[in-house]
Amino acid sequence: MFYLFSGIILICSLLSITTRRILRAAVYLLCVLLATAGLYFMLNYQFMAAVQLTLYAGGIVVLIIFSILLTHHISHRFQHPNLTKLIMGIGAATVGIGLVLTTILSHSFQAGTAPELPVDMTVIGNQLLSTGKNGYVLPFELISILLLAAMIAAIVVAKKEKNKNSEI
Amino acid sequence: MIQGIPLEHFLVVSTIMFFIGVCGFIIRRNLITMLMAIELILNSVNINFVVFNRYLYPDQLQGQFFSLFIVGIAAAEASVAIALIINIYRNVKNIEVENVNEMKF
């Protein structure tokens, strides 16, 4: 099962950066995100997988597809990238993969022996809103402010100006 | 070891996915496809956090919370980036990166 999911992830992510039609790239990205949610299900983190499905696969991909439809013609195809950029990109990727994989495979990880914590919604909710040990209330509040700021910024940036001299 | 799969296999998958994202960020010239490459990179980092949490510290939840916050930040980033892209499209009429250089100071 794991090898099926990882095969889907690798093939679709490779196709998503090499296909010449932009809408297909978005659909391949959707496949990658769904397979990642499958990996989280396999690791027994149901809440993380649900968040991945709703926010990434449901939210961000739909947003990307909307913006593609607003800014492109459906039949638009990309030109091939020029050769120096292609060589530079592939070279950077292969050097990075080699470096990181030799580091990972030469290091021996010690698996945790502690008993497994049952991850259910009450544990997650209590830890997310507690201020004591293992509490995450500060990043929770920070990210709420960040989301509010992003919402206002998106509205302000994408707003159409009616009249250049009129006040907002 | 969970279901007979060692930790390193997950790390290999997420590493290759990360560098596919980096490669796509370099070779693409369209703003939306560059945004998709960034999503690939963030997603591979999420896999790393969750897998380390599951294998090395199964009695805690730090990795899961980190990846939750990363998902939230990615959503905010995508919304602002798409607003910017639509605004650029209104002014320049396409969104290839070569045509956006008039934003330079």
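Q: What makes H1(A) and H1(B) roughly parallel to each other?
A: In this predicted model, the two axes cross at roughly 5°. Angles under 35 degrees count as roughly parallel, so H1(A) and H1(B) get that label. Their axes also come within 9 Å.

Q: Which residues meet where H1(A) and H1(B) come together?
A: From H1(A) you have Ser6(A), Ile9(A), Leu10(A), Ser13(A), Leu14(A) and Ile17(A). Facing them in H1(B) are Val13(B), Ile16(B), Met17(B), Ile20(B), Cys23(B) and Gly24(B). Sorted by type, the residues of this contact come out as nine nonpolar, three polar and no charged.

Q: How many residues of chain A and chain B are in contact?
A: Chain A puts in 67 residues and chain B 62. On the chain A side, helices H1 (2-18), H2 (22-42), H3 (46-71), H4 (83-106) and H6 (137-158) each supply at least two residues. That side of chain A splits into 53 nonpolar, 12 polar and two charged residues.

Q: Why is Ala74(B) called buried?
A: Count the other C-beta atoms within 10 Å of Ala74(B) and you get 21. The label needs 20 or more, so Ala74(B) is buried.

Q: Where is Ala74(B), and what is it in contact with?
A: Ala74(B) belongs to helix H3 of chain B. Setting aside neighbours within four places in sequence, Ala74(B) is in contact with Ile60(A), Glu39(B) and Leu42(B). Leu42(B) is 32 residues away along the chain, yet the C-alpha atoms of Ala74(B) and Leu42(B) are separated by 7.6 Å.

Q: Which elements give two or more residues to the largest nonpolar core?
A: That core has 57 residues. H1, H2 and H3 of chain A contribute, along with H1, H2 (31-56) and H3 (62-92) of chain B. H2(B) has the largest share, with 12 residues.

Q: Which residues have the most contacts inside the largest nonpolar core?
A: Ala26(A), Leu29(A), Ile32(B) and Met36(B). Take Ile32(B): beyond its neighbours within four places in sequence, Ile32(B) is in contact with Ile22(A), Ile64(A), Ser67(A) and Ile68(A) from chain A, plus Ile85(B) and Ile95(B) from chain B.

Q: How far apart are the C-alpha centres of domain 1 and domain 2 of chain A?
A: They lie 25 Å apart. The domain assignment puts domain 1 at 1-88 and domain 2 at 120-161.

Key
Residues are numbered from 1 along each chain as its sequence is written. Chains are lettered from A and ligands numbered from 1 in the order in which they are written. This is a predicted model: local features need pLDDT of at least 70, side-chain atom pairs count only at pLDDT 80 or more; totals for chains, interfaces and linings use all residues. Two residues are in contact if their C-beta atoms, placed from the backbone, lie within 7 Å. Helices (H or I, at least four residues) and strands (E, at least two) are DSSP runs, numbered from the N terminus. Ala, Val, Leu, Ile, Met, Phe, Trp, Tyr, Cys and Pro count as nonpolar, Asp, Glu, Lys and Arg as charged, and the others, Gly among them, as polar. Axes are lines fitted to C-alpha atoms, for helices over the stretch in contact, and angles run from 0 to 180 degrees between N-to-C directions. Angles under 35 degrees count as roughly parallel, over 145 as roughly antiparallel, 65 to 115 as roughly perpendicular and the rest as oblique. Domain bounds come from an automatic or database domain assignment. A nonpolar core is a set of buried Ala, Val, Leu, Ile, Met, Phe, Trp, Tyr and Cys residues joined through C-beta atoms within 7 Å. A residue is buried if 20 or more other C-beta atoms lie within 10 Å of its own, exposed if 12 or fewer, and partly exposed in between; C-beta atoms are placed from the backbone.
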